[in-house]
Amino acid sequence: MANLDMLHQPYWSTMGPMIVVAVAGFVVMILEFVFRRGDRRWLAALSALGVLVALVVAFANWGTGHQGLLQNTVMLDSFSSVFSVLILISAFLVLLLTLDYRGRERLPAEHTYLILFGVVGALAMATATDLVTLYVGLELLSVASYVLVAVRKRSIRSVEGGIKYLLMGAIGSAVLLYGMSFIYGLAGTTNVLQLSTQGAVMLSGYPAITVIGFLFMLIGMGFKLSLVPFHMWTPDVYDGAPTAISSFLATLSKVAAFGMLLRLLVFIFNQSTGPLFYWAGIIAAITMIVGNFAALPQRNMKRLLGFSSVAQAGYTLVPFALFGSSQMNQWPGLFDSISFYLFAYTFMTIGAFAILHIVERAKQSVESDALVGLYRQSPWLAVALSVFVLSLAGMPLTAGFLGKFYIFADTVHMHALWLGIVLFATSVVSFYYYIGWLRKVFQPLPTGAAEWAVAEVAAAAGAPVGPGQGPARSEAGVAGSAADGGSGGSLAVSPVMHVLIALCVIGTLALGIVPAILLHPLGTLQWFY
Amino acid sequence: MSISWPLVIFYVIALLTLCCAVLMLSFRKVIYMALTIGGVFVGCAAVYFLLGADFVGVAQILIYAGAITILIMFAIMLTNHEAAEPPLSWNLKNVASAVGCVLLAVVLLLAVRSTNWPGGGATTDINGGNTNPIVIGLMLFKQYTIPFELVSVLLIVALVGAVILAQDRKEDE
């Protein structure tokens with residue numbers, strides 16, 4: 001008796017984006033084996049195209065109810081739609097950013113399909129409703145990230161970051177699995193939907209073990225989300241990894257991990273509420289405080305963005321803590337807050353990393369002093385960076401402000417004002433270091449020092465210094481562009497980067513000024529079933 | 001009073017496994033550590049057999065005790081087989097970690113001991129009359145097909161990643 005049931009399942013509608021990205025990944029991998037020579041950046045372009053196709057598929061599935069696959073190991077529902085779309089958007093932006101690597105800092109071409117496979121894992125984390133599938137997705141994303149961080153083997157910091165990330169990630173996975181094993185042992189099922197009916201029974205019957213399972217799962221995900229006190233790897237890894245990969249870790253993998261956390265905690269423990277989610281509130285508060293204060297003394301911009309992303313993860317965790325103290329009919333509001341903040345966070349963080357990448361290449365430095373005089377050299381980049389940084393800090397008219405405002409409003413509504421106050425106070429602290437960047441951006445170049453720096457950079461790269469050199473048009477080099485940048489011309493920015501930064505600026509401002517473009521589609525979604 | 005032999009065997013196995021684990025932590029030479037971790041893996045496999053999970057036990061021996069231990073040995077022999085850790089010193093960090101570990105173990109032990117675990121009697125058959133491997137196979141290729149396929153992608157990523165990181169690349173300018 002042939003079992004044809006397996007063939008007649010809604011594979012395409014539930015995991016269409018995942019299939020598209022996986023196929024794109026294998027195609028790019030094979031093409032990479034075949035074409036070994038020349039400039040292989042077209043592979044990244046092809047990958048971006050694959051991600052776009054997947055995005056179309058994900059949009060087609062938006063809001064089409066819910067559908068389970070193979071006894072609900074994978075689900076199409078509102079959560080998976082929202083998180084899939086966001087993951088694919090950030091994957092597209094990150095791939096655009098990798099397109100700009102060239103010359104001496106070129107990444108190995110293998111990174112393109114590693115990113116795609118990582119995206120497959122992230123999509124699995126967003127769509128799966130089974131502990132096994134969720135965990136396999138998490139590992140797929142993690143293993144791809146470990147390799148991506150260490151991919152610049154000549155750089156000792158890159159390899160150090162990779163090793164650190166591998167070890168911390170492995171510990172996180174082990175703790176997560178330990179927590180899951182307790183929950184599985186109590187309930188006898190790994191299916192999140194079945195577990196959701198048993199959450200209350202588990203908590204009343206076996207309180208100690210349930211709390212331990214909850215905490216271990218939260219801590220395991222905390223390693224991946226770099227929540228304090230499990231965040232120490234973050235600055236080192238972000239600093240060591242290529243900038244595009246740092247932005248991949250900061251946005252895509254965090255979004256996927258938040259999606260998975262939502263599935264784990266809210267689905268499994270939805271009726272037990274109360275004391276469990278209080279723990280999430282404590283971790284959120286510590287994360288916001290430590291993340292922001294640790295960022296204060298940072299001079300290295302990538303490390304600062306690392307600590308900043310720790311703090312942002314703290315803000316995003318606040319709504320998770322509110323599930324305990326709210327009624328079921330308030331939950332869609334919390335889901336909206338989480339989704340909105342993650343959308344805003346994705347645009348502003350990738351934008352900030354993109355500009356950081358341009359500045360890093362021009363000045364060969366990631367110290368914040370490299371920003372000095374940016375406004376003189378390129379008003380457009382300076383304004384774009386201001387938008388991103390103000391949004392990260394939470395200035396009105398930007399997406400970051402509204403995201404924080406919604407979360408703050410939630411804390412007020414759901415009687416957890418202390419979390420709202422911590423959020424507000426730490427945001428004020430964050431203004432200090434973000435404004436520090438802006439001061440440097442709009443500060444004029446000290447005249448004597450500039451020439452000196454230009455000469456040094458050019459000499460190091462072995463290129464002649466021409467005072468009247470035209471805009472760098474070709475691969476002629478980093479030196480040429482740096483020389484232009486230093487002597488008051490424009491930074492060499494490829495059209496792709498302009499498009500990327502423009503997209504991020506539009507995303508940040510549009511969400512900040514007309515939030516309805518995202519809130520309306522979110523509002524029409526049916527979160528429960 | 002009759003002696004419950006499985007219980008006696010369990011205590012013997014548990015003792016041996018714990019000994020191996022403690023030895024592994026106290027050895028300073030990497031190659032001895034690799035040997036003792038093999039002992040821990042075999043001990044775990046024996047516990048699985050005692051629990052009636054034959055398939056997991058065999059898989060544990062094949063994969064962990066066999067493949068992984070041997071792989072670690074090869075890695076050590078091919079790289080730096082004289083490597084030894086500096087002797088343990090009781091500085092603040094080590095003391096704090098030890099206290100933390102003991103506390104965690106106490107909390108876990110108390111929680112596990114105080115819980116009246118769910119479970120049927122010895123006659124409960126969750127396999128529906130089939131043997132373990134058959135049920136595992138059915139689950140793997142029916143309900144868990146998608147994670148199974150994702151694991152194959154995971155293996156590709158791990159393989160490619162290992163090659164990328166290990167190959168001696170001439171940085172193409």
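**View 1. Chain A of the predicted model, overall.** Chain A exposes about 18600 Å² (Shrake-Rupley method, 1.4 Å probe; for residues, only the protein chains shown count as cover), and carbon and sulfur atoms supply 69% of this area. The model is predicted: local features need pLDDT of at least 70, side-chain atom pairs count only at pLDDT 80 or more, and totals for chains, interfaces and linings use all residues. Residues are numbered from 1 along each chain as its sequence is written, chains are lettered from A and ligands numbered from 1 in the order in which they are written, and side-chain values use heavy atoms, with hydrogens and water left out. Of its 529 residues, 63% are buried (under 20% relative accessible area; exposed is over 50%, partly exposed in between; 1.4 Å probe, protein chains only).

**View 2. The salt bridge between D77(A) and R263(A).** The closest N and O atoms of this pair are 3.0 Å apart; a salt bridge is a side-chain nitrogen of Lys or Arg within 4 Å of a carboxyl oxygen of Asp or Glu. D77(A) lies in the loop between strand 2 (74-76) and helix 3 (78-99) of chain A, and R263(A) in helix 10 (residues 243-268) of chain A, so the pair ties together parts 186 residues apart in sequence. Both D77(A) and R263(A) are buried.

**View 3. A network of salt bridges in chain A.** E160(A), K164(A), D236(A) and R303(A) are linked in this network. K164(A) and E160(A), whose closest N and O atoms are 3.1 Å apart, both lie in helix 6 (residues 156-187) of chain A, 4 residues apart, about one turn of the helix. K164(A) is partly exposed, at 29% relative accessibility, and E160(A) is partly exposed at 39%. Between D236(A) and K164(A) the closest N and O atoms are 2.6 Å apart. D236(A) belongs to helix 9 (residues 233-240) of chain A and K164(A) to helix 6, so this pair ties together parts 72 residues apart in sequence.

**View 4. The contact between chain B and chain A.** The contact (heavy atoms within 4.5 Å) takes 33 residues from chain B and 44 residues from chain A. Between the two chains there are 0 salt bridges. On the side of chain B that touches chain A, helix 4 (92-114) and helix 6 (145-166) of chain B are the elements giving two or more residues. Helix 6 of chain B gives the most, with 14 residues.
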